[in-house]
Amino acid sequence: MHKLKGTLITTMTWVLVLLFFFPIAWMVFTSFKTEGAAASIPPTIFTALSFDQYGLVFDRGMGTYLINSLTASISSTLIVLLLAIPAAYGLSIRPIKRVQDVLFFFISTRFLPAAASILPVFFILKSLGMLDNITAIGVLYASMNLPIAVWMMRSFFNEVPREIVEAAQIDGANLRTELIRVVLPILLPGIAAVALICFIFAWNEYFLATLLTTSIARTTPPFLASFVDGRGQFLAVLSAASTIAVLPVVIAGWVAQKQLVRGLAMGAVK
Amino acid sequence: MTTLKTAPSPAPEPPSVKRLHPAALTLRKKARQSRALVLPALFFSILVTQIPFLVTIYFSFLNWNQLRPTEIAFAGFENYAVVFTGPDFLPSLWATVVITGSSVVLSLIFGLFFAVLLDRKFMGQGLARTLMITPFLVMPAAAALIWKWSMLDVNVGMVNVGLNFIGLPSVAWNTDFPALTIIMMLTWQYTPFMMLILLAGLQSQSREVLEAASVDGAGPLRTFQWMTLPHLRQYIEIATLLGSIMLLQAFDPIAIMTKGTGGTKTLSYLLYERAFIGLDVGQAAAFGVVTVIVTIAVATLALRTLFKVFMNGSER
């Protein structure tokens, strides 16, 4: 009786999980169909599958947009790490006045909606001739992710055993050696988690990309909508493009699940 | 955390460096180094986020329509008067509250439900968890497009196929129930986020206490109500607050699925419309400032609680 109940709950769990995952699974499945099969009712399950739609997606120039997304995501993540690692180190291991105020400031900038700054940013970039410029997008994404990175990094730094740092200081290590030789190696998994989360947020960003890019620097998220075509059938090709767009981040997220969980709860959840 | 607190003398130190204890002196040097480490990040943040916000406030007092770029003039509080007396603000505020509120509550309920289910040991637990977190990783623009055209479309959407299968008629979700569509979409996306945080909370529970409760004859429901839920409270708070702040800024599904029709014109979408379709910079800026104030109201509450949680024991 007890065992039966367990089996029932397990079955229910799996049904619900699969239902929840269904849109993603269906998107991947549809991407291998022909347009006709993708739009047929009742939906076709047994149908010829091919990579044709993927070829079509790249014929429409998705490569350029993927490269733009990659450039913006990687460059913004690098800027963030370069600024956040020293800042978090300063905020956690070494004494500083008003740590709470500084932390509060950082996190409050993340909660400031993009609405707060989009207009001036638009006009400043316009006057600098930097609309539709991937460098500008990278810098903006860095500012978007910096606060989260500082918070996460700080919670990782807080976990470095105090003795290790003190031992290094007694050995006469100066600030830079202390940071690079002693603390960073311990923190590599944490840094990887921060980098991953920054990358995900940058890769998925839509609002700034839509408003500040038009063609040369356009990233993947706003480009996807261009597959919607009022005249004909587009479900299969849209599914293929979406699958490519979500794949890098989904795989990375699956691989780094544990770190991701910690990072998302910003170190509060252990 | 200040240098003074860690200095050996309990009395406030005079500013003169000479009279400080040598230990305090090194601490001072360290504090200076720490500041040097934090400053670049601080400077960058101020430059890219704070200064534009100040400029937004300035814009909000201007009479500036991009259709008449030569006629920029000082407008006083005129833009704010338009915001508060115009027909758009209240419905928009309401749409923001309804969409954010229901998505937060629904994703929290689903998240708790899934967290409890996935906390059990069962076959394929790891795989189920991996599948469950995926909606949060998927690019929101892609998710919105797939939901709109592949799931909710009135002719070929799979949700309608499912409805027809159990004998119900198709529903034109995007056009007939725009707000519900957006809420469904956001709930689907944020349930994994809520689940992850709550799952971590469930797993931090002491097994012995739970076993003791079951030995004492407490049923699973009572144990959940009286032990697990109180334990989860802090996690529920974090999840709610982080979730509301992120959902308050949701823009992608609205821009892609409903374009602000039928009660989905949230404050952030309204601002976008005013500035980039209506081309009225001054008014859009005023909407921006008001949006920020609404967000700050939520965020202050959020940050207070966050700080209470984060600063407990994390202070060195």
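Reply: In chain B, take the contacts with a separation of 6 or more: 68% of them come from residues 24 or more positions apart. A contact here means that two C-beta atoms, placed from the backbone, lie within 7 Å. The model is predicted, so local features need pLDDT of at least 70 and side-chain atom pairs count only at pLDDT 80 or more, while totals for chains, interfaces and linings use all residues. Residues are numbered from 1 along each chain as its sequence is written, and chains are lettered from A and ligands numbered from 1 in the order in which they are written.

Chain B has 14 helices and two strands; these are DSSP runs numbered from the N terminus, with helices being H or I of at least four residues and strands E of at least two.

Now the part to zoom in on: helix α5 of chain B, residues 125–137. Start with its partner in chain B. The axes of α5(B) and helix α9(B), residues 178–203, come within 7 Å and cross at roughly 125°. That angle makes α5(B) oblique to α9(B). For reference, under 35 degrees is roughly parallel, over 145 roughly antiparallel, 65 to 115 roughly perpendicular, and the rest oblique. Axes are lines fitted to C-alpha atoms, for helices over the stretch in contact, and angles run from 0 to 180 degrees between N-to-C directions. The crossing is left-handed, meaning the near helix is turned anticlockwise from the far one by less than a right angle; clockwise would be right-handed. On the α5(B) side you'll find M132(B), I133(B), P135(B) and F136(B), facing W188(B), Q189(B), P192(B), F193(B), M195(B) and L196(B) of α9(B). By class that gives nine nonpolar, one polar and no charged. Nonpolar covers Ala, Val, Leu, Ile, Met, Phe, Trp, Tyr, Cys and Pro, charged covers Asp, Glu, Lys and Arg, and the others, Gly among them, are polar.

Then there's the partner in chain A. Helix α12(A), residues 235–255, has an axis that comes within 10 Å of that of α5(B), crossing at roughly 135°. That also counts as oblique, and here α12(A) passes α5(B) in a right-handed crossing. V249(A), V250(A), G253(A) and W254(A) of α12(A) make the contact with T130(B), I133(B), T134(B) and L137(B) of α5(B). Five of these residues are nonpolar, three are polar and none is charged. Keep an eye on I133(B), which is listed in the contact with α9(B) and also in the one with α12(A).

Stepping back to the whole meeting of the chains, 79 residues of chain A are in contact with 79 residues of chain B. Helix α1(A), residues 2–30, gives the most to the chain A side, with 12 residues. That side has 61 nonpolar, 16 polar and two charged residues.

One more stop in chain B, away from the helix pairs, is K259(B). Its phi is near 50°, positive even though the residue isn't a glycine. K259(B) lies in the loop between α12 (252–258) and α13 (267–277) of chain B, and counts as partly exposed because it has 15 C-beta neighbours inside 10 Å.

How values were computed: A residue is buried if 20 or more other C-beta atoms lie within 10 Å of its own, exposed if 12 or fewer, and partly exposed in between; C-beta atoms are placed from the backbone.
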